[in-house]
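Dear colleague,

Please find below the structure that I am handing over to you. My notes on what was found in it follow directly after.

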There are 2 protein chains.
Amino acid sequence: MTPQDRIEIAVNSALHRAQRRPAPPKLASALEYAVLPGGARVRPMLCMSVALACGDDKPRLSAAGATALELIHCASLVHDDLPCFDDADIRRGKPSVHKAFGEEIAVLAGDTLIILAFETIALQAADDCARAAGLIQTLATSSGSPDGICAGQAWESEANVNLDAYHRAKTGALFTAATRMGAVAAGADPHEWEELGARIGEAYQVADDLRDALLDEEELGKPAGQDTVHDRPNAVTEFGIKGAAQKLNDSLSAAITSIPACPGEAQLCALVRKQAERLTPMAFHPVTV
Amino acid sequence: MTPQDRIEIAVNSALHRAQRRPAPPKLASALEYAVLPGGARVRPMLCMSVALACGDDKPRLSAAGATALELIHCASLVHDDLPCFDDADIRRGKPSVHKAFGEEIAVLAGDTLIILAFETIALQAADDCARAAGLIQTLATSSGSPDGICAGQAWESEANVNLDAYHRAKTGALFTAATRMGAVAAGADPHEWEELGARIGEAYQVADDLRDALLDEEELGKPAGQDTVHDRPNAVTEFGIKGAAQKLNDSLSAAITSIPACPGEAQLCALVRKQAERLTPMAFHPVTV
């Protein structure tokens, strides 16, 4: 089974748990709507890839960790789209959750997905309880405050932004969590894998900034030019388009260099290169990493 | 140290973790504002009391479980007060979190408190990993969907309400979680303790309905008559004031009868009686349980 298939099966199984009777029908539908069909599943794929590179001796734990990352990511999209934040009508090419189901169900769907993420890991604790606890701690650190995506989003409500903390928390946190959790699930040292997640997160953020600046709403599947509208820090504004493309390239090179010696090192390098191509707007292909 | 002191210390310690640098200042303030000063800490006290009655051989785990319950409860209050739900301006006698900090910080504070709840338990996993995993699973079940407070709240967005599922999930879930988690933390059988939580939850709901019908905003510390305004199921509407008072009495008697034989049985009965007095509106004192 491919890693992609393992992720989709685990995500669906978590969803079904939250949707089973007597779940209220609108909430049950909204949970599925928020998670399926997925985006590129970048974070869970990264988690799974690191676990595989480290031997993946507890495959249910790595699948649970990958699923939990995606559920938290989807929850953050649902809440970030709410009228009090981005007020986004469109996400992944379809109406955002609050547009389709109402604001109250969108708030609850986000909450439920967060809870489901932690539950998904805890349910596999019997396979290796210490690793499960490590996965939950890492996920919590990368989601909450002071270093997680909630804190990252909250910086947007401050007059004086700690830019370094903002970037690390807003986008970087779930990427470093992905590589760390892949390592934890496979019993490897998570510290050795943190740099890879940080560099890929950085690349992903710059790529997102480039796409936000270069593509239109139809190509993006969400409103374009949002960083300018919301006056958010953006690599294109800061470095120009060429500078941002160079930064993207540098981050991906650094990511590949950082990969520790491990059984699956070659496959992992190939995967990062593939992700890099996917990330880079057409105008800048090929990225030479 | 009293159980109350242990709870306050553990709650404060969890808060400080989420507030430490580089937490964004508004979010950090809102987290504290949502949790301190507390209400009666009914759910964590119930959890702690059951743990003590069962021997409380892992006191850091019982304190973590109790804290996690309170953090989830506070998160639910913050989100339930949002304009898309109750649109409540006042909570615990002061402006609600979104009134004081804005809607976006209120959404993020709720999310952060949910995450902090799971993290708080996971951080004590070294004391007994299997029990920690059991605590996290129980907390997730009672918070999410289909049987937790998110599902309970989501029933209020449905045209056809499953009343039984609604009541069990909306109020009952965190009470059965409290007794079950107290037992899990102390290594006892959670099933034996479920009935106690369910009956106290029932009593608490009826008492809340009586208070909502009989007291004014100043006495309640929140808007009065909200069940009528939002057309929510309510024991006073259903059974009248006398009938509801009788139901409150019956639930508390059933709660005391359900307490399993354990070292701390007598103290626990006394505590339930004391809670009963606190719950019952003055007009119906004394409750003879």
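**Findings**

In chain B, Asp56(B) lies in the loop between helix 3 (42-53) and helix 4 (59-80). Please bear in mind throughout that this is a predicted model. The phi angle of Asp56(B) is near 45°, a positive value in a residue other than glycine. Is Asp56(B) buried or exposed? Asp56(B) counts as buried, because 22 C-beta neighbours lie inside 10 Å, and the cut-off for a buried residue is 20 or more.

A further residue with such a backbone angle is Arg92(A), which is not a glycine and yet has a positive phi of about 50°. Arg92(A) sits in the loop between strand 1 (90-91) and strand 2 (94-95) of chain A. With 16 other C-beta atoms within 10 Å, Arg92(A) is partly exposed; that class lies between the limit of 12 or fewer for exposed residues and that of 20 or more for buried ones.

**Cis peptide bonds**

In chain A, the peptide bond that leads from Arg21(A) to Pro22(A) is cis, and its omega is near 0°. Pro22(A) belongs to the loop between helix 1 (3-19) and helix 2 (25-35) of chain A. In chain B, Arg21(B) and Pro22(B) are joined by a cis peptide bond with omega about 0°. Pro22(B) is located in the loop between helix 1 (3-19) and helix 2 of chain B.

**The contact between the chains**

Chain B contributes 49 residues to the contact, and chain A contributes 49 residues. On the side of chain B that touches chain A, the elements giving two or more residues are helix 2 (25-35), helix 6 (103-122), helix 7 (129-143) and helix 8 (149-154) of chain B. Which element supplies the largest share of that side? Helix 6 of chain B does, with 13 residues. By class, the residues on this side of chain B comprise 31 nonpolar, 10 polar and eight charged.

**Helix packing**

Two of the helices named above, helix 2 and helix 6 of chain B, also pack against each other: their axes come within 9 Å and cross at roughly 65°. Helix 2 of chain B is therefore roughly perpendicular to helix 6 of chain B, and the crossing of these two helices is right-handed. From helix 2 of chain B, the contact involves Lys26(B), Leu27(B), Ala30(B), Leu31(B) and Ala34(B); from helix 6 of chain B, it involves Ile105(B), Ala106(B), Leu108(B), Ala109(B), Thr112(B) and Leu113(B). Nine of these residues are nonpolar, one is polar and one is charged.

In chain A, helix 6 (residues 103-122) and helix 7 (residues 129-143) pack at an angle of about 160°, and their axes are 9 Å apart. Helix 6 of chain A is therefore roughly antiparallel to helix 7 of chain A. The crossing of helix 6 of chain A with helix 7 of chain A is right-handed. Ala117(A), Phe118(A), Ile121(A) and Ala122(A) of helix 6 of chain A make the contact with Ala132(A), Leu135(A), Ile136(A) and Leu139(A) of helix 7 of chain A. The residues of this contact are eight nonpolar, no polar and no charged.

Returning to chain B, the axes of helix 13 (residues 235-258) and helix 14 (residues 265-279) come within 10 Å and cross at roughly 165°. Helix 13 of chain B is therefore roughly antiparallel to helix 14 of chain B, and their crossing is right-handed. Leu252(B), Ala255(B) and Ile256(B) of helix 13 of chain B meet Cys269(B), Val272(B) and Ala276(B) of helix 14 of chain B. This contact consists of six nonpolar, no polar and no charged residues.

**The nonpolar core**

The largest nonpolar core has 198 residues, of which Ile136(A), Leu139(A), Ile136(B) and Leu139(B) touch the most other members. Which residues does Leu139(B) contact, leaving aside its neighbours within four places in sequence? They are Ala68(B), Leu69(B), Ile72(B), Ala117(B), Phe118(B), Ile121(B), Ala177(B) and Met181(B).

**A loop glycine in chain A**

Gly264(A) lies in the loop between helix 13 (235-258) and helix 14 (265-279) of chain A. Gly264(A) has 19 other C-beta atoms within 10 Å and is partly exposed. Not counting residues up to four places away in sequence, Gly264(A) touches Leu52(A) and Ala53(A). The C-alpha atoms of Gly264(A) and Ala51(A) are 9.2 Å apart, although 213 residues separate the two along the chain.

With kind regards

Conventions
Residues are numbered from 1 along each chain as its sequence is written. Chains are lettered from A and ligands numbered from 1 in the order in which they are written. This is a predicted model: local features need pLDDT of at least 70, side-chain atom pairs count only at pLDDT 80 or more; totals for chains, interfaces and linings use all residues. A nonpolar core is a set of buried Ala, Val, Leu, Ile, Met, Phe, Trp, Tyr and Cys residues joined through C-beta atoms within 7 Å. Two residues are in contact if their C-beta atoms, placed from the backbone, lie within 7 Å. Helices (H or I, at least four residues) and strands (E, at least two) are DSSP runs, numbered from the N terminus. Ala, Val, Leu, Ile, Met, Phe, Trp, Tyr, Cys and Pro count as nonpolar, Asp, Glu, Lys and Arg as charged, and the others, Gly among them, as polar. Axes are lines fitted to C-alpha atoms, for helices over the stretch in contact, and angles run from 0 to 180 degrees between N-to-C directions. Angles under 35 degrees count as roughly parallel, over 145 as roughly antiparallel, 65 to 115 as roughly perpendicular and the rest as oblique. A crossing is left-handed if the near helix is turned anticlockwise from the far one by less than a right angle, and right-handed if clockwise.
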